[in-house]
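Please read this note beside the model. It is meant for someone who has not seen the structure before.

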Amino acid sequence: MNIITDIFQNKIIMAMLLIGLLSACQGEVTTHSTQAQLQTVTTESLTLSNSYQHTQEFTGTIRAGNTTGIGFELSGKLKSLAVDSGDSVEKGQLLAQLDTRLLEAERAEIDASLSQNSADLTLARNTLNRSLELQKQGYTSEQQLDELKGQLNSLLAAKKRLIASKLANALRIEKSSLLAPFSGVISKRNSNLGEVVSLGTPIFTLVQNRNPQAFVGVPVKLAQQLNTKQDVLLKVGNNSYTAQIEGKGAEVNPVTRTIPLRLSLPIDAQVINGEIAYLIYETDIQQNGYWVPISALTDGIRGLWNLYVITPNSDLGAEKGTFNIERRDIEILYTKKDMAYIQGALKVNEDYITQGLHKLVVGQQVKRNTNVAAR
């Protein structure tokens with residue numbers, strides 16, 4: 001009986017302890033619930049701007065002033081190649097040569113013909129001179145003199161023909177050496193040593209590297225606003241250059257519906273033939289608005305966007321330094337990187353929330369973050 005009594009008393013003690021613990025927890029929760037913590041927000045003031053700078057980019061390509069397929073004016077067998085792909089060459093530098101043995105043999109044959117012609121001319125002149133002496137004595141007829149003069153003139157004409165043939169042969173030998181027409185870089189070699197090439201076959205592709213140009217297509221309206229010799233900003237890779245408009249196309253591209261501009265870059269521009277170029281064109285749009293971070297905007301309805309602004313809390317029982325969140329409908333006029341140019345039902349110097357909008361709702365009471373200035 002005593003054992004049963006002790007067990008019963010122990011249960012009563014445990015129950016009283018549990019009730020005490022629950023009461024203490026309930027009191028703590030009640031205490032915490034009466035001490036609500038208001039969320040802090042980061043804000044900035046709206047500054048009115050009279051205009052914004054509209055930046056447009058138009059894509060084009062870099063082209064060398066000259067990109068030429070260089071070949072011989074004659075057909076023949078490649079005797080030597082002095083350069084290869086990637087080599088830099090100067091104007092007049094030897095690039096390749098053809099086998100000229102046949103031309104040299106032809107030159108030797110012409111020289112022999114000239115020697116024979118010279119001997120025949122000497123004989124013809126001497127014969128004519130003797131005949132003229134004999135004519136004075138009445139031993140030579142007029143017909144014989146005419147025949148000798150005709151033979152001499154024929155030999156003189158043959159000499160001129162042989163001299164012209166020798167000059168043509170020398171010119172063919174000269175043209176058997178391929179020289180660089182301008183300074184540049186060999187971008188491609190198309191033929192191999194010992195190959196028989198036909199007349200006009202490109203042996204190399206030579207790219208001029210001292211007068212780079214860019215060709216960029218722009219809308220017709222913009223092309224009408226631009227003038228030749230006008231300086232524009234051109235971006236190639238990570239570099240920006242001041243380019244000059246050298247000319248405008250006379251017709252619209254049927255595919256892109258743009259007019260091509262030809263732009264000259266500085267001589268020392270570090271660009272490569274075929275590289276992408278971007279024409280940067282900036283215009284001032286006269287329209288009032290405010291610049292705000294894109295992170296401060298939320299989706300609205302009917303194509304509009306929302307900006308959250310804070311207004312001082314006017315409730316009598318409100319804690320000092322608290323604000324209410326209000327939503328304002330705004331329209332985005334222009335965006336640039338992470339900023340947006342907007343207009344709407346806004347006031348100058350009005351404070352708006354810049355970030356953390358997913359944690360907030362309209363009408364919520366918040367406090368301003370006082371540590372913003374130290375960021």
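The points below go from the whole protein to single residues.

1. Basis. This is a predicted model, in which local features need pLDDT of at least 70 and side-chain atom pairs count only at pLDDT 80 or more, while totals for chains, interfaces and linings use all residues. Residues are numbered from 1 along each chain as its sequence is written, and side-chain values use heavy atoms, with hydrogens and water left out.

2. Confidence. The mean pLDDT (the predictor's confidence in each residue, from 0 to 100) is 86 for the protein, and 88% of the residues reach 70 or more. Where pLDDT is low, the predicted coordinates should not be read in detail.

3. Overall content. The protein has four helices and 22 strands. These are DSSP runs numbered from the N terminus: helices are H or I of at least four residues, strands E of at least two. Of the 375 residues, 31% count as buried, that is, under 20% relative accessible area, with exposed over 50% and partly exposed in between (1.4 Å probe, protein chains only). Among contacts with a separation of 6 or more, 73% come from residues 24 or more positions apart.

4. Two strands pair if DSSP finds at least two bridges between them. Strand 6 pairs with strand 9 (residues 184-189) over two bridges in the antiparallel sense, and S88 stands opposite V185 in strand 9.

5. Strand 20 and its partners. Strand 16 (residues 276-293) runs antiparallel to strand 20 (residues 339-344), with four bridges joining them; Y290 has I342 in strand 20 as its bridge partner. Strand 19 (residues 322-336) is also antiparallel to strand 20, joined by six bridges, and T335 stands opposite A340. Strand 19 and strand 20 form a hairpin with two residues between the strands, where K337 takes a positive phi near 55 degrees.

6. T258. This residue is found in the loop between strand 14 (239-248) and strand 15 (259-264). Which class does T258 fall in, buried or exposed? T258 counts as buried because its relative accessibility is 16%. Its side chain makes a polar contact of 2.7 Å with that of T256. Such a contact is a pair of N or O atoms within 3.5 Å; within protein, one must be able to donate a hydrogen and the other to accept it, and residues adjacent in sequence count only if both atoms are side-chain atoms. Beyond its neighbours within four places in sequence, T258 is in contact with G217, V218, P219, E251, V252 and N253.

7. E104. This residue is found in helix 2 (residues 101-136). E104 is partly exposed, with a relative accessible area of 37%. E104 and A170 are 66 residues apart in sequence, and their C-alpha atoms are 8.9 Å apart in space.

Conventions. Contact means heavy atoms within 4.5 Å.
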